[in-house]
Amino acid sequence: MDASLLAFIPLILTIVLALVLRHTLVALGAGIIAGALVLSHFQPIASLSYLADIATSQFYKQGEWQGWHLDVIATMVLLGVMTQLLARGGAVMAFGDWLYSYVRSQRHARLVTILLGWLVFIDGIFSCLAVGNVCQPLSDRYQMRREQLAYFVDSNASPLCALLLFSSWGPYLLSLLAGVSFLPMPPVAAFFELAQTNFYAILTIGVSVFVAWKGFGFDAAVPVQTTVPSPEIGKGNPWLLLVPMVTLLSASVGLTLYSGATHTHQSGLAAWLAAADIGTAMRNAALLAVVMSLLMMLKSGRRVPTLLSDLYHGVISMRLAIGILLCTWMIGAVIKDLQIAAILATWAEAHLNPSFLVSGLFLLCATMAFATGSSWGTFAIMIPIGAEITGHVSPELLLPALSAVVAGSVFGDHCSPISDTSVLSATSSGCEPRAHVLTQLPFALTVALSALVGFQMLNIGMSKLESWLIAIVALCVLLSVLQGWFRYKDAKAIAVKTLPKV
């Protein structure tokens, strides 16, 4: 077999297993093992030696500890601990109870659901679980359909995390961007650039606010039994949530800027961000937030043995995410050693039409994430490959192409019926996952088409501002069509109900 074709076996195996098994960790692990076998010419001892080498090199390499990787893992563990402390300690539920006293209408209830999603931004899964469970009584009180609640929960979880550096997604994406050796700027600056053109994530959040304000797209609520809070959840007050979250955000920003200011002689926010040790800053900020969470919980009366249990569950809750992250780093090393990206880039340079590079990557990543139900798995595979292809075909489109990879992955994950966030958004909101996906799909497709237009505008050389304006115009037109379709659907349903019985 041709050597270049043989090199693709691990990548093809990873993608096929991800599609068939829908288990990212298993697919990545199989790809890593297959890559080791190919690189060692199918010699078992040499393969095991290679696997041990790339595993240990993620932490210790050439006589130096890999501080970035260690900081990223520590940050993710601390965020998982903080998530469990806030959820199990009743901080989110207490904040929801406090908000209920200020809700006066169904519109307020819809907007409060979105606001709560913005406040618990640290992790997509945590946001889905927390907001859905907290807002179920609110949705019952103001006759919101559970599918509508699930839509607001899901649309302000992963899309928001993809835009915020100080969420659990931030360190993961930064680690992948750091692996792109020819980035024209530091990974932190690149992250902000990608966020500015993530049309899908930003427009999804905007459309959710618009739908909450207008209240269209969902039928009238069916009366349901009000959810009773679990007796295992402790009582608290709004400050149990607000103080740790404000600590995390303010410490992240403050420590990042301080780190940058001490590492450069230049002045200005941009120079400080470029020179900052973001991994250490986020690790320390997460540690401060965890300490603050513990102090607030102790003050609220939560006992030390219970807090120790919360800490344990927080660490355990992140084991799958950390496993995926480690496998992501390892398969990145395997792909690099196999020179897969370079081969794909050579083929793309010869056969790919650069006029559809960015929009094509958006559609490709959306398809992969939809089929696998994993945005993180798609990031792991497509960010290094997409970067290499773009670097050879149209280097000036590198950042828009990477933004399309992130946006397409979020879109596919957002619509997938097997995505963890889709399932958790539905179950925590009290509806069937299938019903949630079907009722969310018209809005997601509307935003995706608008995002596709925006990415194509970037592809043909328009500026970010011009691309945004055209994408927003496209969204307004498509939303008008969607509203008209819902009005027609509602009118038809009313006409059927009013027909005389024979």
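Me: What makes R302 and D310 a salt bridge?
Reply: The closest N and O atoms of R302 and D310 are 2.8 Å apart. A salt bridge needs a side-chain nitrogen of Lys or Arg within 4 Å of a carboxyl oxygen of Asp or Glu. The value of 2.8 Å is within 4 Å, so the pair qualifies. R302 and D310 also belong to one network with R88, joined by salt bridges that share partners. The model is predicted, so local features need pLDDT of at least 70, side-chain atom pairs count only at pLDDT 80 or more, and totals for chains, interfaces and linings use all residues. Residues are numbered from 1 along each chain as its sequence is written, and side-chain values use heavy atoms, leaving out hydrogens and water.

Me: What links D310 to R88?
Reply: A salt bridge, with the closest N and O atoms 2.6 Å apart. That is within the cut-off, so it counts. The two ends lie 222 residues apart: D310 in helix α17, R88 in helix α5 (residues 67-88). Helices here are DSSP runs of H or I with at least four residues, strands are E runs of at least two, and both are numbered from the N terminus.

Me: How do D310 and R88 classify by accessible area?
Reply: D310 has 0%, so it is buried. R88 has 27%, so it is partly exposed.

Me: How do you know that K464 and E193 meet in a salt bridge?
Reply: The N to O distance is 3.3 Å. K464 sits in helix α25 (residues 464-497) and E193 in helix α12 (residues 187-196), 271 residues apart. K464 has a relative accessible area of 32%, so it is partly exposed. E193 has 26%, so it is partly exposed.

Me: How many salt bridges does the rule give?
Reply: The count is 5.

Me: How many aromatic pairs are there, and what is the rule?
Reply: There are 20. Rings of Phe, Tyr and Trp (its six-membered ring) pair if their centres lie within 6.5 Å; planes under 30 degrees apart are stacked, over 60 edge-to-face, the rest tilted.

Me: Why do W169 and F379 get their pair type?
Reply: Their centres are 5.9 Å apart and their planes are at 75 degrees, so the pair is edge-to-face. The residues are 210 apart in the chain, with W169 in helix α11 (residues 169-178) and F379 in helix α21 (residues 375-393). W169 and F379 are both buried.

Me: What makes F191 and F192 a pair, and of which type?
Reply: Their ring centres are 6.2 Å apart, with planes at 85 degrees, so this is an edge-to-face pair. F191 is buried because its relative accessible area is 3%. F192 reaches 30%, so it is partly exposed.

Me: What makes R107 count as sitting over the ring of W213?
Reply: The rule asks for NZ of Lys or CZ of Arg within 6 Å of the ring centre and within 35 degrees of the ring normal. The charged end of R107 is 4.0 Å from the centre.

Me: Which residues form the nonpolar patch, and what makes it one?
Reply: L287, V291, L295, L298, V304 and L308 form it, with about 530 Å² of accessible area together. The elements giving two or more residues are α16 (278-299) and α17 (304-317). The largest share, 4 residues, comes from α16. Patch residues have over 30% relative accessible area and no salt bridge; nonpolar side chains (Val, Leu, Ile, Met, Phe, Trp, Tyr) are joined within 5 Å, like charges within 9 Å. L295, in helix α16, has 48% relative accessibility, so it is partly exposed.

Me: How do you know what span to expect for helix α14?
Reply: The expected span is 1.5 Å times one less than the number of residues. Helix α14 (residues 239-263) has 25 residues and reaches 35 Å from its first C-alpha to its last, close to the 36 Å expected.

Me: Where is H41, and why is it called buried or exposed?
Reply: H41 is in the loop between α3 (24-39) and α4 (44-57). Its relative accessibility is 65%, so it is exposed. Its phi is near 60 degrees, a positive value in a residue other than glycine.

Note on methods:
Accessible areas come from the Shrake-Rupley method with a 1.4 Å probe; for residues, only the protein chains shown count as cover. Buried means under 20% relative accessible area, exposed over 50%, partly exposed in between (1.4 Å probe, protein chains only).
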